[in-house]
Amino acid sequence: MTESKSSARKFRYNSTVGMVIAMVAGIAAGFVGGTSMSQIKFLGDIFFRLIQMGIVPFVMCQIIEAVGSLTKKQLSSVGLKAAAAFLISSLLASAFGMGSALIFKPGAGLSESSLVLNASSDAEAVTTTLADTLTGFFPSNIVSAVATGSMVPCIVFSLFFGIAIILVREARDGAEVSVYAWICDLNEVLLQIIKIVMNVAPIGIFAYVSASIGELGLDVLVPIGKYILVLAGTTAVFTVLWLIVVSAYCKMPMGKLFAKMVPMSVMAAATISSAVTLPLEMEDAKNKIGLKKSIADLVLPLGVPLNSNGSALHMAVTAIFVSQMYDMEFAGPALITVAFIAWMLSLANAVAPGASLISLTMLIPALGLPMEAIAILGGLEYIVAAIRTTLNVNSDVFCALLVAKSEDAIDYDVFNGTGAPTA
């Protein structure tokens, strides 16, 4: 009896495993039950409404907390260089992912299916000019933007809010700003709400997937396979390009640098967490790659909230995939909106269980695409998270190396295995 109780205490519910099981069960139920499974689709609708009810303030608080946490030291030359490298590389990752999805078209071929034809969406034909698109990024009334769920204006306001907190703190000689502490507390509360909702994620995923498969059939699995291949292939190519640029600029043999980053890459893929990987990442960066302590201790932790190349690329590929899947493809200025939203939302990369699902819940409605797509992709959490977390971690090190080279802070003796780490 005691052993049984001990086993029960050790059991921990894993929402990621639950979602994978729910997706597999949903596929089977949809295949067996057919169109009758559409009767439980309302359970999925309820689940996604529960997630959406707090997602806008959560994204805003997440960004304000990340930006507002920066210190005077982090705003120094090194900090600004790191922030620039983070933001530029994430924007390039977003554009690269979008371009790859446009070329390989992983979502093509489903535009005539019953699921796609019956999907509801707020998407409209985009005929606005580039100037109108860029102007729309900036809110005229933040209350109105929050009420309507206009994600990009909310993100822009949050960036300004975070920067203002830094300036007020510096004006007070480092004294904490009370509103910042309140926002951090609010962010923690909102995160707990999301965690509570994620406990029932398998129910919502099962309901949506079974209804989708029941209407569409197993044909939906073909584009999902193409989607994973395009996402993984694009991430690999982008990582190799990063490796080539950094190796050339820092004058490091590409093969040797890659070999030294394998352990952290494996851990990132296994744990699907940049934060969990950070200690090993910092140790290897200093003791194997040769980053000096002054750079590694500042830039690498800063990269966890501010640098998400993998997340930006993932969301850009996903946005184009879904638009192709539902024959609602973006063109012209709308592509800039897609790249910008994917880039900005990568700053709000959720730390809750099921982060990929949270990201999709932010991305899909922001672009006016059908919510049904979230359920179809929701069960891919571990695969997608492993792919994007690996790039997130690797790009942190790549950015740190660029900054270190500009500051003459790379110890090549350590890199070559002939010296000990220095400050």
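Reader: At what distance from the ring centre of Y180 does R169 lie?

Author: The model is predicted, so local features need pLDDT of at least 70 and side-chain atom pairs count only at pLDDT 80 or more, while totals for chains, interfaces and linings use all residues. Residues are numbered from 1 along each chain as its sequence is written, and side-chain values use heavy atoms, with hydrogens and water left out. A charge sits over a ring if NZ of Lys or CZ of Arg is within 6 Å of the ring centre and within 35 degrees of the ring normal. R169 lies over the face of Y180, and the distance from the ring centre is 5.3 Å.

Reader: Over the ring of which residue does the charged end of K260 sit?

Author: The charged end of K260 is 5.4 Å from the centre of the ring in question. That ring belongs to F415.

Reader: How many helices does the secondary structure of the chain come to?

Author: Helices (H or I, at least four residues) and strands (E, at least two) are DSSP runs, numbered from the N terminus. The chain has zero strands, and its helices come to 21.

Reader: What percentage of the 423 residues of the chain count as buried?

Author: Buried means under 20% relative accessible area, exposed over 50%, and partly exposed in between (1.4 Å probe, protein chains only). Of the 423 residues, the buried share is 52%.

Reader: Is the pair of F157 and F161 stacked or edge-to-face?

Author: Rings of Phe, Tyr and Trp (its six-membered ring) pair if their centres lie within 6.5 Å; planes under 30 degrees apart count as stacked, over 60 as edge-to-face and the rest as tilted. The structure holds five aromatic pairs. In the pair of F157 and F161 the centres are 5.8 Å apart and the planes stand at 65 degrees, which makes the pair edge-to-face.

Reader: In which helix do F157 and F161 lie, and are they buried or partly exposed?

Author: The two residues are four residues apart, about one turn of the helix, and both lie in helix 9 (residues 151-171). F157 has 29% relative accessibility, so it counts as partly exposed. F161, with a relative accessible area of 26%, is also partly exposed.

Reader: Why does the pair of W242 and F398 count as stacked, and how many residues apart in sequence are the parts that it ties together?

Author: The ring centres of W242 and F398 are 5.4 Å apart and their planes are at 25 degrees, so the pair is stacked. W242 and F398 are both buried. W242 lies in helix 12 (residues 221-250) and F398 in helix 20 (residues 381-406), so the parts tied together are apart in sequence by 156 residues.

Reader: Is helix 5 oblique or roughly parallel to helix 12?

Author: Axes are lines fitted to C-alpha atoms, for helices over the stretch in contact, and angles run from 0 to 180 degrees between N-to-C directions. Angles under 35 degrees count as roughly parallel, over 145 as roughly antiparallel, 65 to 115 as roughly perpendicular and the rest as oblique. Helix 5 (residues 77-104) packs on helix 12 at about 135 degrees, with 10 Å between the axes. That angle makes helix 5, relative to helix 12, oblique.

Reader: Is the crossing of helix 5 and helix 12 left-handed or right-handed?

Author: A crossing is left-handed if the near helix is turned anticlockwise from the far one by less than a right angle, and right-handed if clockwise. Contact means heavy atoms within 4.5 Å. The crossing is right-handed.

Reader: At roughly what angle do the axes of helix 12 and helix 16 cross?

Author: Among the residues that meet here are Y227 and W242 in helix 12, and H314 and F321 in helix 16. Helix 12 passes helix 16 in a right-handed crossing. The axes of helix 12 and helix 16 (residues 309-325) come within 10 Å, and the angle is roughly 145 degrees.

Reader: Which residues does K105 touch, not counting residues up to four places away in sequence?

Author: K105 is in the loop between helix 5 and helix 6 (114-118), and its phi is near 50 degrees, a positive value in a residue other than glycine. At 36% relative accessibility, K105 is partly exposed. Beyond residues up to four places away in sequence, K105 touches K226, Q324 and E329.
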